Amino acid sequence: MNRRLKLFIPIAIFFIMAGFLLFGLNDGRNPNLVPSALVSKPFPKFTQPSLYPEMGEFSREDFVGDILFVNIWGSWCPPCHVEHPYFLELSKQEDDITFIGISYDYSMVEDRDFLAERGNPFDYNIVDLDGSLRIDLGVTGAPETFLVDQNGMILYRHIGALDADIWREKFVPLLDQIR
Amino acid sequence: MIPELGNFSLVLALSLSILLSVLPMVGVYRNNPLLMTLSRPLCAGIWVFMVVSFGCLAHAFLNDDFSVRYVASNSNSLLPWFYKFTGVWGGHEGSLLLWVLMVASWTYAVSLFSRNLPLDILARVLSIMGIISVSFLVFMLLTSNPFDRLMLNPPADGTDLNPLLQDFGLIVHPPMLYMGYVGFSVAFAFAITALLTGKLDAAWARWTRPWTNAAWAFLTLGIALGSWWAYYELGWGGWWFWDPTENVAFMPWLVGTALIHSLAVTEKRGVFKSWTVLLAIAAFSLSLLGTFIIRSGLITSVHAFAVDPERGLVLLAILLVVIGASLFLYALRAPVVKGTASYTMTSREVFLLINNILLVVSTAGILLGTLYPLIHEAINGEANMVSVGPPYFNTIFLPLMALLTVFLTIGSISRWKKTSTAFLKDQLVKVAVASVLLGIVLPLFITREVNLSIFLAVSLALWIVFGIARDLVTKSANKDSLVKGLKSLSLSYYGMQLAHLGFAVIILGICLTSHYSVERDVRLAPGQGIEIGSYEFIFQGVVDAPGPNYRAEAGTVDVLKNGRPYMTLHPEKRTYLATGAVQTEADIDVGFFRDLFAALGDPRGEGAWVVRIHLKPFVFWIWFGAFLMAAGGVTAILDRRYRVRDAVVRDVPPEKAATGLGMKSPVEAS
């Protein structure tokens, strides 16, 4: 190649990059697509047993690529009773979301009874046996609900009982962006 | 009234910047010394008005003037006064103001410390820096004015400063980082000047070196502070995440490091000239790119600047003009600044070239990884999203750095032009054997486990350290005594060795803390404890502790060492009153050889809590090493030869030197 032409390589690279940057500024593009480990935190790594001992253990890797609805709950928590019927409805209606219930270690037996009695909205039930998952998530109490995208990034966190209004206002717009 | 004064000052600073970017340049081409000398007072004027403007915004913050939109959204009446002050740069508009204040400060500093510079060169350099000020002042006034008022119904109270930013690390991190980012504008302006004049000699490199070192030292500290903040404030014990926000600060640093080394070659040997110019342009361009990526909303950022597509477009336009124009100029003019000297395969020139290649390739790898999700999305559409994580960056970066370390010692021991292989062998064989042997024996002896990456990292770190010692001995050998010999070495030499030592310390810190940290999450009732190594941590329960603008649950963890009381940690869980945001405040006992880390999880009934306890050996060395590197940069600046007038004048054609020294600006005269 001509020596003089080689000197134009830097500016050519720069203009190609600028093209992609311009694309990045498109209206309505979801900036979360370039995930930030510091803001939209990735869902933490974990390995915890199932609420049902015969099911073995689960870890984050088991759910890579799925949209997750993660609910921290316990049968001892009154607001969890309030949101439970809505979850039964929701899990029927949202086929492409994986529903995960996370129980506390000290209510395993009661939680199993509760689900057997009133119905199980969750695809997977996991016990946070040593409490480490709750620290990683920064959980303040029960119930809390996390929406996680296919890349494992937490898109939204809701503290307190969840109902149809909150679902429509907060969760649905985010889901529309990632579906 | 005060905010309007601030706004007015900004407009005045813009007007003066426009004059600065035009008049001295016109003076150069009309050969009018009066117009050229105007550059100095103009710089002073811009700086003064930027300081006034910054002071006005600070005044609005300290006096809770919530009729100013920016204050209302970044402060709160309950905030302690020092966080009100630092809230000035807690959001997009104010931090941009700080950014421009930094540009003005560097410009003013160049005009003050440039007595040696020929007037026509100084006029060009300051004009170019004026153009940068103009771009960003226009951007600020058009899209991001920090003094905008909320005319109707100003709120009674502000919405609060992001709790993550209410922290000491965040008080000092942005000013340091911006000093580094913006500091590269000086090297950039010198580079453009060299392209314009076609004159790039040893004197040029000598003017540019201290400014580049200064910017690099600031950037080093800024990045280290950011990493330190993430470590203790985000509360997960991590210290580097390969996050886009980190990468965009790291890339100018890597290129800046390459620039420092390439400038050395250009000064001493008169080669790599157009490469040096390209690196200077690249370092500042990457700084601008970082500013753009963080502020355009292209990616989610911890700084939570409001996303506004209009801002992004204006910034991209600035990027296109400034970077595009300078790279175009480079393509046209680079052949003018050609190197002349020759060198051989085993010369220091070649080893520094290898250093430059490794640093630039690492930067390219990081740039690609940072932008890849965007590129992928542009080509394949939103349905195919990818994210690039630490595995990619570590795979690219760590081997390149290991290689860089190997050449670091060889390069700093070798000589310019030609180094005989016999000399290199004589100097380095023992160093190599000693560092590899000790690198394996020491960890094996202390931990009794075989771990190849530990062996490699310790060997590499020792390779640097022993290499420095060996070189000190060699360089002082021809003097009567070691002390006399050491005294005869220059400060820039010591600066280099200090920075290299810092690099060795960082390698050790990163490797040892990654492998030997112990992290435990345990449920503890008051009085219960756990043992890690020679430490025992005993949980004493949690009490309510109100803060100035938050409610906290404060835990107490007593630490025993070898069974004796040692110290107490107080991790907290805070709920901020204005926003209801919950923040985990870890408590860390910082030590030279280990950090003790405690954070609160959640309550588990009857006073019991889940508590996270970390023992992190050598983590402090990561930041201590960065500090040594920055100190090395500063030491090199202090070298006499950057201030000796004769040395500089010698390289300048007589008629230019006469103009440069003969004309005194009004500022200088007063």
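**Helix pairs in chain B**

I started with two helices of chain B and noted that α1(B) passes α7(B) in a left-handed crossing. This is a predicted model, so I keep that in mind for everything below. Helix α1 covers residues 2–30 and helix α7 covers residues 119–143 of chain B. I looked up their axes, which come within 7 Å and cross at roughly 150°. Angles over 145 degrees count as roughly antiparallel, and α1(B) and α7(B) are therefore roughly antiparallel to each other. Then I checked what sits in the contact of α1(B) with α7(B): 16 nonpolar, six polar and two charged residues.

Next I went to helix α8 (residues 168–197) and helix α9 (residues 202–233) of chain B, whose axes come within 7 Å and cross at roughly 155°. By the cut-off of 145 degrees, α8(B) and α9(B) are therefore roughly antiparallel to each other. I noted a left-handed crossing where α8(B) passes α9(B). In the contact of α8(B) with α9(B) I find 23 nonpolar residues, eight polar and one charged.

**Positive phi in chain B**

Most residues other than glycine have a negative phi. I picked out two exceptions. B:Asn31 has phi near 55°, a positive value in a residue other than glycine. I placed B:Asn31 in the loop between α1 and α2 (33–37) of chain B. Is B:Asn31 buried or exposed? There are 10 other C-beta atoms within 10 Å, so B:Asn31 is exposed.

The other entry is B:Asp64, with phi near 50°, again positive in a residue other than glycine. B:Asp64 lies in the loop between α3 (39–62) and α4 (69–74) of chain B. I get 19 C-beta neighbours inside 10 Å, so B:Asp64 counts as partly exposed; the cut-off for buried is 20 or more.

**The sheet in chain B**

Which order do the four strands of the open sheet in chain B take? I read β1-β10-β9-β8, with antiparallel pairing. At the edges are β1 (518–524) and β8 (587–589) of chain B, each pairing on one side only. The twist averages 20° from one strand to the next.

I looked at one pair in detail: β9 (residues 594–603) and β10 (residues 609–617) of chain B pair in the antiparallel sense over eight bridges. As a spot check, I found B:Ala598 opposite B:Ile613 in β10(B).

**Over to chain A**

I counted elements in chain A and have six helices and seven strands. Along the sequence they run α-α-β-β-β-α-β-α-β-α-β-β-α. What radius of gyration does chain A have? I get 21 Å, while a compact globule of 179 residues would have one near 16 Å. The C-alpha trace of chain A spans about 80 × 35 × 25 Å along its principal axes. Of the 179 residues in chain A, 34% are buried.

**The sheet in chain A**

Five strands form an open sheet here, in the order β5-β4-β3-β6-β7 (chain A), and the pairing is mixed. I checked the edges: β5 (124–128) and β7 (154–159) of chain A each have a single partner strand, so one side of each lacks a neighbour in the sheet. From one strand to the next, the twist averages 20°.

For a parallel pair I looked at β3 (residues 67–73) and β4 (residues 97–104) of chain A, which share seven bridges. Tracing one residue across, I found that A:Asn71 has A:Gly101 as its bridge partner in β4(A).

Technical notes:
Residues are numbered from 1 along each chain as its sequence is written. Chains are lettered from A and ligands numbered from 1 in the order in which they are written. This is a predicted model: local features need pLDDT of at least 70, side-chain atom pairs count only at pLDDT 80 or more; totals for chains, interfaces and linings use all residues. Two strands pair if DSSP finds at least two bridges between them. Axes are lines fitted to C-alpha atoms, for helices over the stretch in contact, and angles run from 0 to 180 degrees between N-to-C directions. Angles under 35 degrees count as roughly parallel, over 145 as roughly antiparallel, 65 to 115 as roughly perpendicular and the rest as oblique. A crossing is left-handed if the near helix is turned anticlockwise from the far one by less than a right angle, and right-handed if clockwise. Ala, Val, Leu, Ile, Met, Phe, Trp, Tyr, Cys and Pro count as nonpolar, Asp, Glu, Lys and Arg as charged, and the others, Gly among them, as polar. The radius of gyration is taken over C-alpha atoms; the globule rule is 2.2 Å times the number of residues to the power 0.38. A residue is buried if 20 or more other C-beta atoms lie within 10 Å of its own, exposed if 12 or fewer, and partly exposed in between; C-beta atoms are placed from the backbone.
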